[in-house]
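Subject: Structure for your review

Dear colleague,

Please find below the structure that I am handing over to you.

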Amino acid sequence: VQLQASGGGLAQVGESLRLSCVASSSFFNSTMGWYRQAPGKNRDLVAAITRSGPATYADSVNGRFIISRDNAKNTMYLQMNSLKPEDTAVYYCNSWPIRGSYWGLGTQVTVSS
């Protein structure tokens, strides 16, 4: 497994979802990020977290999403709270900044009003 995101699904406005990303060590031994791409839009960074823990968030999710990682399991998480329709997108995990052209399959998040 290089990058495997999971946990997406259908949620109602205001609900929560938790995404997981399992990554190969070649990716995980670095700062990692969650990205999302809505239909017809660019793929943008949502949140990133260093190996030691400090995190950064896009303004659109700050205060609602929480990124975390478990270095022993090569796993990263994104707790998404107070979901909005504009959070609907395919969510991907990758290193930050991006190195190379590889992207995993991503996981679809759909927020319905």
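In which loop is the place of Ser 82? Ser 82 lies in the loop between strand 8 and strand 9. Please note that the model is a predicted one.

The backbone at Ser 82 deserves a remark: phi there is near 50°, a positive value in a residue other than glycine. With a relative accessible area of 41%, Ser 82 is partly exposed.

Asn 74 also has a positive phi, near 50°, and is likewise not a glycine. This residue sits in the loop between strand 7 (65–70) and strand 8 (75–80). Is Asn 74 buried or exposed? Asn 74 counts as buried because its relative accessibility is 16%, and the cut-off for buried is under 20%.

A further point concerns the peptide bond between Trp 96 and Pro 97, which is cis, with omega about 0°. Pro 97 belongs to the loop between strand 9 (89–95) and strand 10 (107–112).

Strand 1 runs antiparallel to strand 3 (residues 17–23), and 4 bridges join the two. Within this pairing, Leu 3 has Ala 23 of strand 3 as its bridge partner.

Yours sincerely,

A colleague

Key:
Residues are numbered from 1 along each chain as its sequence is written. This is a predicted model: local features need pLDDT of at least 70, side-chain atom pairs count only at pLDDT 80 or more; totals for chains, interfaces and linings use all residues. Side-chain values use heavy atoms; hydrogens and water are left out. Buried means under 20% relative accessible area, exposed over 50%, partly exposed in between (1.4 Å probe, protein chains only). Two strands pair if DSSP finds at least two bridges between them.
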